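Subject: Structure handover

Hello,

Here is the structure we discussed, with my notes below it. Please read the notes with the coordinates open.

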Amino acid sequence: MSRASFPWTRLGFAALVVVSLGLGWWGLMLDTTHVPGRTWYDVVYHDLQLFVMGADPASGGGPLSWQLQVARFLAPGTAVYALFEAARALFTGEIRRFRDRRARGHAIVVGQTDAADTVTAALEAAGHRVLRTADAAGLAGVGLTGATVLYACGDDTTDATANVLTVAEAESAVRRAGRGPDRLYAHVSDPDLGVALQARHLSCAEPGVDFFTLSVIAAQALAVREVRRIVGGPAATPAVIPAVTHVVVVGSGEFAKALVVGLAREWELAGDGVRLVVDLAADDAGRVVEELRARWSPVAEKIELRAAPALGTGSAAVPDTVYVCDADESVSLRVALTATKLWHGGPGSLVLLLDGLAGLTGAFGTEASRVLDNLDGRLRTVTMRDLLADVERAEARAHADMYERIARSVHHVYLRNQRERGVAWGELPAMVRWEDLAEDLRASNRGWVVGLPERLARMGATIAPRDGAPEVVFEGPELDKLAEAEHELWESVRVAQGWRGGPVRDDDARVHPMIGVPWSELSEENREKDRDVVRLLPEILAEFGLEVVRYDESPALLARR
């Protein structure tokens, strides 16, 4: 037992009781010798009475032995201390609950699952206070109306909508109270259902509610980290990037699929024409590869994804990096430690994902522990909590919400297209990564996302998960109508940011010549820019596994598709 955990307080209290009883016994034996018929039962009784200040021999005053004098003050003091400790133990929980109900500026995590623990750890690591409750019934007890964000991370394996219902209940309570968290997140273990829920909420044009899958968020963070590690970031010169980068992803679970998608999306910007070859090694690799190509346009267009039903059946070349992330962590661990064909790369070339087995990360060849060797530096371990630490979160949240991520995607497509036109990084104010983008430009992208449902509603269309069907094409008057709406939205966002119209553009003074000018009076060049934004809409949504669908497919429209 350590010094910190030794129960010194309890030991001290016990010592005081023993000393009080001992001195009381001694003093009473000395001072009651003259009492006729006194028995040792009388001495014990009066000794115990000292603790409640009721011992007759000590309360009558007069000369007393020093032993009894000390005991008649020490014993009541010990009793008062005992009452104080009992009251504190009784009321500490109630006081804590009282403070929690009136807490402000904290995050709430609902659930007792691994996902809840991971989100809590990520938030606390960023310095945010987190209050936990097992279910929606305890929301009032953890200060719902004073919280800034809520994560519903309960067990949704038997009821896929469990966390959605928690968020709905919390949102209703916030509306009734008129205050509470402005961001409500529901963890959805099924990513396909999560995308479907995101599509429906996007059509509400009300930011603040989102549905996320933890493994997908972590995989995306790993993809960002790995692509930057490979190419060295936007400032890297093509000379330092190999002609072909070859990686292997072992597994076909949600993390593995999200990692492939994340690598494809990041490679669009950072690859600079370099080919990325990804082998997906799994028993059902063929089926998964086709699904990923159909759902995610970057996978189909920007990387070379190949099915490798068994390890070693792909290219004979040694891959640059192997990511072992099977849905069963014990399988991942066994593959990483026994598939020697994966050990031929350089330092850090074998990446092992651990979540439930995250405690093993410290056992592989660190300075503190040499329990397990890390294959001479080739093996790297990553955990969900470690990957969430890579997610930007100045606010009390563990991930960017859907509106933020689609706004990033809008900027992502813009950067990619500008790069394809030969525009260099930093050449324009917007030619920087999202993290370095000016806040007013970020707000413009967010405004584009918020205004999207209203613009689509004009065309009798909405957003749905992408299923590989032919994309909706806007043409002719319909295209111009949406382009006009784009101009109106752009203008409203700029005016809200303090911009005004003027003959010459001045970014410092926030003056723009197109503010206050109807779309019909714009030059054809500027109207074409608005049309380009509309034409890019299917592509932007495809980046997110989403697409535009029409409510009413007329025969003419179907024939055109």
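How many of the 561 residues of the protein chain, as a percentage, count as buried? The share is 47%. Please keep in mind that this is a predicted model.

Overall make-up

The protein chain has 19 helices and 15 strands. Among its contacts with a separation of 6 or more, 72% are between residues 24 or more positions apart.

Nonpolar cores

The largest nonpolar core contains 37 residues, and Phe474 and Leu546 have the most contacts inside it. At least two residues each come from α7, α14, α15 (439-450), α16 (452-457), β12 (461-465), α17 (476-496), α18 (524-542) and β15 (546-550). Helix α14 gives the largest share of this core, with six residues. As for Phe474, once its neighbours within four places in sequence are set aside, its contacts are Leu456, Met459, Leu479, Leu482, Val534, Leu537, Val548 and Arg550. There is also a second, separate core of 36 residues, and Ala256, Val261, Val289 and Leu292 are included in that one.

Packing of α7 and α14

On the α7 side the residues in contact are Gln198, His201 and Leu202, and on the α14 side they are Met402, Tyr403, Arg405 and Ile406. Sorted by class, this contact of α7 with α14 consists of four nonpolar residues, two polar and one charged.

Aromatic pairs

The structure has three aromatic pairs. One of them joins Trp26 and Trp66, with 5.7 Å from centre to centre and 70° between the planes, an edge-to-face arrangement. Trp26 is in helix α1 (residues 8-31) and Trp66 is in helix α4 (residues 66-101), so this pair ties together parts that are 40 residues apart in sequence. Are these two tryptophans buried or exposed? Trp26 has 43% relative accessibility and counts as partly exposed, while Trp66 has a relative accessible area of 51% and is exposed. The cut-off for exposed is over 50%.

Tyr151 and Tyr185 form another pair: the ring centres are 4.8 Å apart and the planes stand at 45°, so the pair is tilted. Tyr151 belongs to strand β3 (residues 149-152) and Tyr185 to strand β4 (residues 183-187), so to speak of sequence, 34 residues apart. Both tyrosines, Tyr151 and Tyr185, are buried. Together with Phe212 they make up one aromatic cluster.

Two residues around α8

Thr213 is in the loop between β5 (209-212) and α8 (214-231). With a relative accessible area of 8%, Thr213 is buried. Apart from residues up to four places away in sequence, Thr213 touches His187, Val188, Ser189, Asp190 and Pro191. The C-alpha atoms of Thr213 and Glu254 are 9.0 Å apart in space, and the two residues are 41 residues apart in sequence.

Leu222 is within helix α8 itself. Its relative accessibility is 1%, and Leu222 counts as buried. Leaving out residues up to four places away in sequence, Leu222 touches Phe255, Leu259, Tyr323 and Leu387. Leu222 and Gly262 are 40 residues apart along the chain, with 8.1 Å between their C-alpha atoms.

Backbone angles to note

Which residues have a positive phi although they are not glycine? Asp376 has a phi of about 55°, and Arg510 has one of about 60°. Asp376 is in the loop between β10 (350-354) and β11 (379-383), and with a relative accessible area of 63% Asp376 is exposed. Arg510 is in the loop between β13 (500-501) and β14 (511-512). With a relative accessible area of 31%, Arg510 is partly exposed.

Regards

Definitions and conventions. Residues numbered from 1 in each chain as written. Predicted model: local features only at pLDDT ≥ 70, side-chain atom pairs only at ≥ 80, totals over all residues. Heavy atoms only, no water. Contact = heavy atoms within 4.5 Å. Helix = DSSP H or I, 4+ residues; strand = E, 2+ residues; numbered from the N terminus. Nonpolar A, V, L, I, M, F, W, Y, C, P; charged D, E, K, R; others polar. Core = buried A, V, L, I, M, F, W, Y, C linked by side-chain atoms within 4.5 Å. Buried < 20%, exposed > 50% of the residue type's maximum accessible area, 1.4 Å probe, protein only. Phe/Tyr/Trp six-rings, centres within 6.5 Å; stacked < 30°, edge-to-face > 60°.
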